Amino acid sequence: MPFPTYWLRDNCPCTDCRDPRNGQKLFQITDLPADLAITAQHEQNGHLEVLWSDGHRSRYELARLAEPAAGDGRTEADKRLWEAADFTAGIPEADWDAYLGDPAERVAVLSAVRRSGFAVLRAVPAVDRQVLEVARTLGFVRETNYGELFDVRVEAAPNNLAFTSAVIAPHTDNPYRDPVPTLQLLHCLANSATGGDSGLVDGFRAAAILRAEAPEEFALLTRTPVPFVFRDRNTELRAERPLIEVDSLGRIREVRFNNRSIGTLRLPDPAAAQAFYAAYRRFAEITLRPELRLEFRLGPGDCLIFDNVRLLHARTAFEQDGSRHLQGCYADLDGLFSTLAVLERRGAALDAIAELFEGEGASEYLGEAVTMAEHMLQAGALAEAAGAPAHLVAAALLHDVGHFGGSGLDLMKGRDNRHSERGAEWLAQWFGPAVTEPIRLHVAAKRYLCAVEPGYRARLSEASEYTLGVQGGPMTEQQAAAFAARPGALDAVAVRRWDEEAKYADAGTPGFGHFRPLLAALMG
Ligand code: OGA
Ligand code: ZN
Ligand code: ZN
């Protein structure tokens, strides 16, 4: 099956079509000729080369062209719909310190919010405003008429029934707002009252049950705009949206459900209103089925994070025999999904680097007594032992990654593989200049040190003396002065000294895993 013409051209990866710095497209769809056609095409080594009727040439990786659609993570297609029994082995939860310190733990928590709609962080310091700190680890706080955060506790003159001790049935928050906050956090500061337990219901599951049991009623709820209203002395918010929203392919995407703030429907005829209320009641009954409701109790330090356009949250009534105080705030799923995607991308990068150390790096020698991997691990360990800051430990550890991909052998054949630039550029996908610049300059630093430090050249290993020639020999006085003036020159010199020393066989250095947390912390 040939690729669709305009689709293929629209996805041309060349630097005339896309800005190489940010990947953004540089042309409009209307800039392409109306009669665009493929003049010639040719497949080779996993690539497709295309000559176009307007003279443009494109080169594609076939594997990239075949990638499946990623989706935005928001519809039922990307979720695991659940009922209470699915969590008999435990709910998604993590310790606050582990969540902060370990990217893998963070990925687990954020993935749970994406897939199951919620997670609980335990042992979050039970202090005022801490909920905002939690929100900032995963996205951006959404300020509303309630403020940056809201206190859920009994108030003398509540503007919302949430601020009483009454039972609250399963609901989503703020359906009277458009855009509605798609994420909510509730952080428990105190919960010593009798009652006040929490409940969660998967609104997507409830909607899917309605679709299976009463498809007409499901359809009616997806197409009836419902007015939601909130008003107090200073606020008047309205939004008209259906209780169940599906995307253009019919997949469930959002649920809004809140008996407290549903306004007066003005439907064209009584029969329509009758039908809506029958469907609304049936949906409400499904949300109350005991098997759907996951019950648990928040204690001080627990922070519940949940999808506010999917999960319905509830609480039981409580007595005033103790204190109950939650602090909540809103945020959005797009920010959380972005945080998750970046963490996953970084985890994959660390896996790829680890793979270099364990695979190719363990077998290449480049004329030294140690493998490439041992050499770099030794350099990292020397930097660490010298008490160097993390970015220099990382630079020392990674300084020769540019040799990978077989090009280290080029260097030994007398062809400069420019491995310092190649390595720095590859690493710049994930690391900032504090890590990449000393790597970029570590070859220049050798040429510099050989020029300015008496006796330095004599200490080079045989292989390093050989490559010095390939790389341009010692710097001239003028070159050395220019090098010393570059930002990061001192860091590059430090890395270079560890590089020179890191050539002992059997030095008993730690493995790559030892450095992984340090690298993870430096990414971004
Ligand atoms: C709310 C709410 C839950 C609780 O404030 O909207 O649902 O546990 N509170 O008090
Ligand atoms: Zn609520
Ligand atoms: Zn080296």
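Helices here are DSSP runs of H or I of at least four residues and strands are runs of E of at least two, both numbered from the N terminus.

**View 1. Overall fold of the predicted model.** In this predicted model, the secondary structure of the protein comes to 19 helices and 17 strands. The radius of gyration is 30 Å, well over the 24 Å that the globule rule gives for 524 residues, so the protein is more spread out than a compact globule. Along its principal axes, the C-alpha trace spans about 95 × 70 × 45 Å.

**View 2. Polar contacts of ligand 1.** For Arg-315, a polar side-chain atom lies 2.8 Å from an oxygen atom of ligand 1, and for His-171 the distance from a side-chain N or O atom to a ligand oxygen is 3.1 Å. Taken alone, ligand 1 exposes 290 Å², of which the protein buries 96%.

**View 3. Pocket and shell around ligand 1.** Ligand 1 sits in the second largest pocket, and the elements that give two or more residues to the shell around the ligand are strand 16 (311-315) and strand 17 (324-331). The residues around ligand 1 are Val-152, Ala-162, His-171, Asp-173, His-313, Arg-315, Arg-324 and Leu-326. Sorted by class, this shell comprises three nonpolar, two polar and three charged residues.

Note on methods:
Residues are numbered from 1 along each chain as its sequence is written. Chains are lettered from A and ligands numbered from 1 in the order in which they are written. This is a predicted model: local features need pLDDT of at least 70, side-chain atom pairs count only at pLDDT 80 or more; totals for chains, interfaces and linings use all residues. Side-chain values use heavy atoms; hydrogens and water are left out. A residue is near a molecule or strand if one of its heavy atoms lies within 4 Å of it. A polar contact is a pair of N or O atoms within 3.5 Å; within protein, one must be able to donate a hydrogen and the other to accept it, and residues adjacent in sequence count only if both atoms are side-chain atoms. Accessible areas come from the Shrake-Rupley method with a 1.4 Å probe; for residues, only the protein chains shown count as cover. On a 1 Å grid over the protein atoms alone, a cavity is a set of points where a 1.4 Å probe fits but cannot get out, and a pocket is an open set with protein on both sides within 12 Å along at least five of seven lines; lining residues have an atom within 4 Å of a point. A molecule sits in a cavity or pocket if more than half of its atoms lie within 2 Å of its grid points. Ala, Val, Leu, Ile, Met, Phe, Trp, Tyr, Cys and Pro count as nonpolar, Asp, Glu, Lys and Arg as charged, and the others, Gly among them, as polar. The radius of gyration is taken over C-alpha atoms; the globule rule is 2.2 Å times the number of residues to the power 0.38.
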